[in-house]
Amino acid sequence: MNAVLEANTQYTLVNFNICPYGQRVLLGLALSGVSYKHISLHIYEEKPDWFIDKVKCGKVPALFVESQNGKDTDKSAFTISESLAILYYLMELTQCTWFPGRLEQDCKHRELIFFADDIHSSLKSFFTAEESQRKSQLDKVHRQLSTLENVFTDLSNYEPWMMIDIVYAPLFNLIKELEEIFNVEMLAQYPELEHWSNNLLMSEVFNSISDVSFSQNLRGFISNCRA
Ligand SMILES: N[C@@H](CCC(=O)N[C@@H](CS)C(=O)NCC(=O)O)C(=O)O
């Protein structure tokens with residue numbers, strides 16, 4: 001980490017405690033060693049004016065970057081929203097190596113990074129669905145996991161943590177919780193994914209960003225969505 005940058009720049013992460021996209025950024029911050037302040041908002045219940053002023057899309061995670069260059073008057077500030085944009089910023093800022101560095105492999109990683117958002121959206125449709133629709137939503141999740149299993153199996157070995165791991169660890173964590181809440185199996189029939197998920201979720205860095213009340217908060221959020 002660049003010492004000058006660290007001394008003069010204040011990073012503030014605004015997040016919602018069960019947001020998987022926010023967990024990506026927490027992992028990125030932990031892995032890159034950038035120190036930051038943390039503001040937690042229940043984004044579906046409160047969007048204060050200071051937040052809307054700075055975050056035009058109204059979504060978390062958002063990273064506020066404020067620099068002070070010597071004199072009081074010489075300040076600059078900007079906001080980054082979108083978890084992937086924040087991760088790319090952190091990667092370039094700290095020169096972390098979050099891609100294998102070989103063109104073809106890097107492209108495969110990027111493909112899967114985009115694919116994670118499709119899976120997230122299917123998981124949301126699953127947990128907000130009426131009971132009668134849940135089975136068909138689960139089938140859709142399975143089709144995506146089966147595709148993921150095939151593509152992931154073809155990726156040759158790489159050293160974690162890459163951006164692909166940062167993006168999939170929160171997704172696997174959400175899947176694990178949903179399996180328990182709805183008493184369904186999602187990962188068990190995909191050995192590569194299960195192995196990958198276990199490695200990520202049992203890692204020290206994932207534990208360091210995990211919130212003990214995640215499970216309870218997620219259950220509360222899901223029952224509110226369904227009320
Ligand atoms: N594509 C965005 C998704 C962020 C997102 O959907 N955040 C949710 C919380 S998990 C949010 O802020 N929702 C508030 C809203 O839609 O009004 C990212 O990767 O950061």
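Colleague: In this predicted model, what share of the contacts between residues at least 6 apart in sequence joins residues at least 24 apart?

Modeller: Of those contacts in the protein, 71% join residues at least 24 apart, where two residues are in contact if their C-beta atoms lie within 7 Å.

Colleague: What makes the protein as compact as a globular protein of its length, and which elements make it up?

Modeller: The protein has ten helices and four strands, and from the N terminus on these elements run α-β-α-β-α-β-β-α-α-α-α-α-α-α. Its radius of gyration is 19 Å, which is close to the 17 Å that the globule rule gives for 227 residues, so the protein is as compact as a globular protein of that length. Along the principal axes, the C-alpha trace spans about 60 × 45 × 25 Å.

Colleague: How many of the residues count as buried, as a percentage?

Modeller: The share is 26% of the 227 residues, and a residue is buried if 20 or more other C-beta atoms lie within 10 Å of its own.

Colleague: Why is Glu-82 called partly exposed?

Modeller: Glu-82 has 16 C-beta neighbours inside 10 Å, whereas a residue needs 20 or more to be buried and 12 or fewer to be exposed, so Glu-82 counts as partly exposed. Glu-82 is placed in the loop between β4 (75-81) and α4 (83-94), and its phi is positive, about 80 degrees, although the residue is not a glycine.

Colleague: Why is Asn-183 called exposed?

Modeller: The limit for an exposed residue is 12 or fewer neighbours, and Asn-183 has 7 C-beta neighbours inside 10 Å, so Asn-183 counts as exposed. Asn-183 sits in the loop between α7 and α8 (191-201), and although Asn-183 is a residue other than glycine, its phi has a positive value, near 50 degrees.

Colleague: Turning to the peptide bonds, what is the omega of the cis bond from Val-60 to Pro-61, and where is Pro-61 found?

Modeller: For the cis bond from Val-60 to Pro-61, omega is near 5 degrees, and Pro-61 is found in the loop that lies between α3 (49-54) and β3 (62-68).

Colleague: Which residues does the cis peptide bond with an omega of about -5 degrees join, and where does Trp-161 lie?

Modeller: That cis bond joins Pro-160 and Trp-161, and Trp-161 lies in the loop between α6 (131-154) and α7 (163-182).

Note on methods. Residues numbered from 1 in each chain as written. Predicted model: local features only at pLDDT ≥ 70, side-chain atom pairs only at ≥ 80, totals over all residues. Helix = DSSP H or I, 4+ residues; strand = E, 2+ residues; numbered from the N terminus. Rg over C-alpha atoms; globule rule 2.2 N^0.38 Å.
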